[in-house]
Amino acid sequence: MLSPLTTLVRTIDATIGLPEETSRIPPVTAAVVGTIALATLLGIGVAVDAAGDVAIGLVLGIVLAVAIAFAASDRPVTIVAGTGLLLVAAPLFVYVPVYRFFDLGRPLSSVVVVSGALVGYGIVRFRFDAFGTRVGYVALGQLFGAIAAASLVTVGLVFTRVETVSAVFGEAVPSVGDAIDALLVPSPSEAALVEFSALLALAVVAVWLALAALPIVQLVPGRHETAVSDALDIVDNVLGATFALCVLTFVVSLAALGNVNRLEAVYYDLSPTLHAVLSTVVESSLLRLLLVQVILVSFVVAVAVELLAAVGTRRLDDAPSRIVPAILWGLLFVVAIAVAAPSVLESVAGSLEPAQERALTTATEEFGPVVVGLLAGVVGLWFAGVALLAIPAASGLGFVPDRTAGVRLVMGGTFLATVAGAVGGIGTVVLVGGIVATMVIWDVGEFGLGLTEELGRSAPTRHGELVHVAGSVVVGGLLFAGTIATAGFLAGTTLEGALVLPALVFATVAAVALTIAIRG
């Protein structure tokens with residue numbers, strides 16, 4: 001009988017584990033590679049006084065990898081969990097290093113965080129399907145879906161105050177502000193019908209585009225698809241007839257404006273009752289405001305849906321089960337920001353520069369803290385999502401092949417940490433140790449992958465792994481000792497100080513070349 005822990009591990013592996021056709025590093029090799037990388041990171045972190053940054057980076061990388069693996073899976077529960085976790089992990093993964101680099105003025109700390117994140121991500125990739133073109137695009141499709149839902153709500157809140165938007169644009173871009181005012185404020189009565197018919201036609205087109213983009217029929221249960229499809233056909237017919245009537249009214253009214261009697265022949269010579277009704281409708285500022293809001297929101301809906309469809313590997317109408325978690329998490333994000341925004345903005349305002357604080361205060365007074373907080377959160381999520389497109393792009397372009405993705409990420413993080421240590425002025429021992437560790441990680445990891453591909457996942461490979469690991473570690477140890485001895489010899493000679501480092505680098509490169517040649 002299997003233990004609960006074993007059952008849990010097998011369930012997780014079946015849910016987000018690497019596919020059978022993908023090479024997997026055997027357990028002993030994974031443990032050795034992970035241990036070497038973590039020991040190197042910790043050693044360099046302690047040497048440059050950034051051990052905490054190593055831990056932060058490892059957590060960020062592990063959480064992001066798990067979130068992507070969950071969001072890209074095929075099970076509804078893991079999709080929901082992964083989408084929510086990705087909403088938190090993505091901005092943290094992107095902005096924690098940026099914050100440390102720019103706001104705290106600690107570039108070395110930022111590089112160490114990135115190094116830890118790469119190692120953590122790579123270690124997770126040893127076991128779970130968290131990297132690749134398909135996985136990346138599907139998971140980020142979930143993220144962009146949630147962002148799109150939050151963006152729609154934010155845009156709706158912003159454009160419920162179109163007058164405020166007009167005032168803001170009036171100061172920043174007067175021509176745009178004047179155009180918005182022309183839509184909202186009716187002209188003299190003889191031109192009101194022309195403006196209203198054009199505005200209504202634009203609203204009809206915007207609604208039609210939004211309905212065409214949304215996969216409404218695919219989202220309803222199968223037994224209701226026919227009824228919903230028929231209803232949409234009726235709506236399309238109504239929208240078409242309304243658009244045709246708007247065009248006709250616009251042409252006739254515009255022609256009448258050139259006559260001596262202007263619109264009287266078309267509009268003001270009608271019966272008093274109809275004249276009063278039409279006057280109320282076409283000259284209503286409130287109705288015009290509503291139409292402008294409909295145009296803007298419908299346009300944003302259409303663009304957001306098409307963008308999400310373009311980013312994902314499958315169109316929305318092919319994967320309706322993925323839409324619901326994205327929308328729900330997007331709405332939960334809006335609620336969370338709405339609750340936290342007032343207190344967060346108040347605390348942030350005190351740490352800003354005077355000009356930034358004045359801009360934040362003005363925006364808060366105009367739109368309110370909730371809208372400002374949502375705008376900042378949504379824009380931040382969009383940038384984070386775009387930055388993470390590097391994950392599927394790196395795989396698709398061949399920079400990080402799927403086969404060796406885990407090993408390359410761990411090796412890259414270790415090498416980046418070594419570079420950070422060199423910049424931070426660590427000693428020769430730690431620097432050479434990082435270089436040798438990077439070599440051993442690649443050698444052991446690549447051998448483990450080849451062993452699995454040759455013998456299969458289920459074949460016993462522990463003996464072969466241990467033999468190769470022992471040989472690689474011995475060679476790496478000899479290389480390390482030889483390089484340190486060379487450095488000590490060079491330091492004790494009369495060579496100029498500027499020549500010691502190039503000589504050390506040359507000796508290291510020569511030792512690496514010799515190791516590769518011996519290994520064959």
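Q: Is the crossing of H3 and H5 right-handed or left-handed?
A: The model is predicted, so local features need pLDDT of at least 70 and side-chain atom pairs count only at pLDDT 80 or more, while totals for chains, interfaces and linings use all residues. Residue numbers start from 1 along each chain as its sequence is written, and side-chain values rest on heavy atoms, with hydrogens and water left out. A crossing is called left-handed if the near helix is turned anticlockwise from the far one by less than a right angle, and right-handed if clockwise. By that convention, the crossing of H3 and H5 is right-handed.

Q: How many helices does the protein chain have?
A: Helices (H or I, at least four residues) and strands (E, at least two) are DSSP runs, numbered from the N terminus. The protein chain has zero strands, and its number of helices is 21.

Q: Which term describes how H3 and H5 lie to each other?
A: Axes are lines fitted to C-alpha atoms, for helices over the stretch in contact, and angles run from 0 to 180 degrees between N-to-C directions. The axes of H3 and H5 (residues 107-125) come within 6 Å and cross at roughly 40°. Angles under 35 degrees count as roughly parallel, over 145 as roughly antiparallel, 65 to 115 as roughly perpendicular and the rest as oblique. H3 and H5 are therefore oblique.

Q: What span is expected for H3 at 1.5 Å a residue?
A: The expected span of a helix is 1.5 Å times one less than its number of residues. H3 covers residues 51-71, which is 21 residues, and reaches 31 Å from its first C-alpha to its last. That reach is close to the expected 30 Å.

Q: Which helix does H3 meet through residues including Gly 57 and Gly 61?
A: Contact means heavy atoms within 4.5 Å. Gly 57, Leu 60, Gly 61 and Leu 64 are among the H3 residues taking part, and their partners include Val 113, Gly 116, Ala 117 and Gly 120. Gly 57, Leu 60, Gly 61 and Leu 64 are also among the buried residues of H3, where buried means under 20% relative accessible area, exposed over 50% and partly exposed in between (1.4 Å probe, protein chains only). The helix that these residues meet is H5.

Q: Which term describes how H5 lies to H18?
A: The axes of H5 and H18 come within 7 Å and cross at roughly 160°. The contact is made by residues including Val 112, Ser 115 and Val 119 of H5, with Gly 406, Val 410 and Gly 413 among those of H18. The crossing is left-handed. The angle of roughly 160° makes H5, relative to H18, roughly antiparallel.

Q: Which helices are included in what covers the buried residues of H18?
A: H18 has 19 residues and reaches 27 Å from its first C-alpha to its last. Its buried residues include Ala 405, Leu 409, Gly 413 and Ala 417. What covers the buried residues of H18 includes H2 (27-47), H5 and H19 (428-455).

Q: What is the relative accessible area of Thr 414?
A: Thr 414 lies in helix H18. Residues up to four places away in sequence not being counted, Thr 414 touches Ala 37, Thr 40, Val 119, Gly 434, Thr 438 and Ile 441. Thr 414 is buried, and its relative accessible area is 1%.

Q: Which residue's side chain makes a polar contact with the side chain of Thr 404?
A: Thr 404 stands in the loop between H17 (390-396) and H18 (405-423), and at 3% relative accessibility it counts as buried. A polar contact is a pair of N or O atoms within 3.5 Å; within protein, one must be able to donate a hydrogen and the other to accept it, and residues adjacent in sequence count only if both atoms are side-chain atoms. At 2.6 Å, the partner of the Thr 404 side chain is the side chain of Arg 408.

Q: What distance separates the C-alpha atoms of Gly 132 and Ala 394?
A: Gly 132 belongs to the loop between H5 and H6 (133-159) and is buried, with a relative accessible area of 2%. Leaving aside neighbours within four places in sequence, Gly 132 is in contact with Pro 392, Ser 395 and Asp 402. Gly 132 and Ala 394 are 262 residues apart along the chain, and their C-alpha atoms are separated by 8.1 Å.

Q: Is Asp 49 buried or exposed?
A: Asp 49 is found in the loop between H2 and H3. Its phi is near 60°, a positive value in a residue other than glycine. With a relative accessible area of 68%, Asp 49 is exposed.
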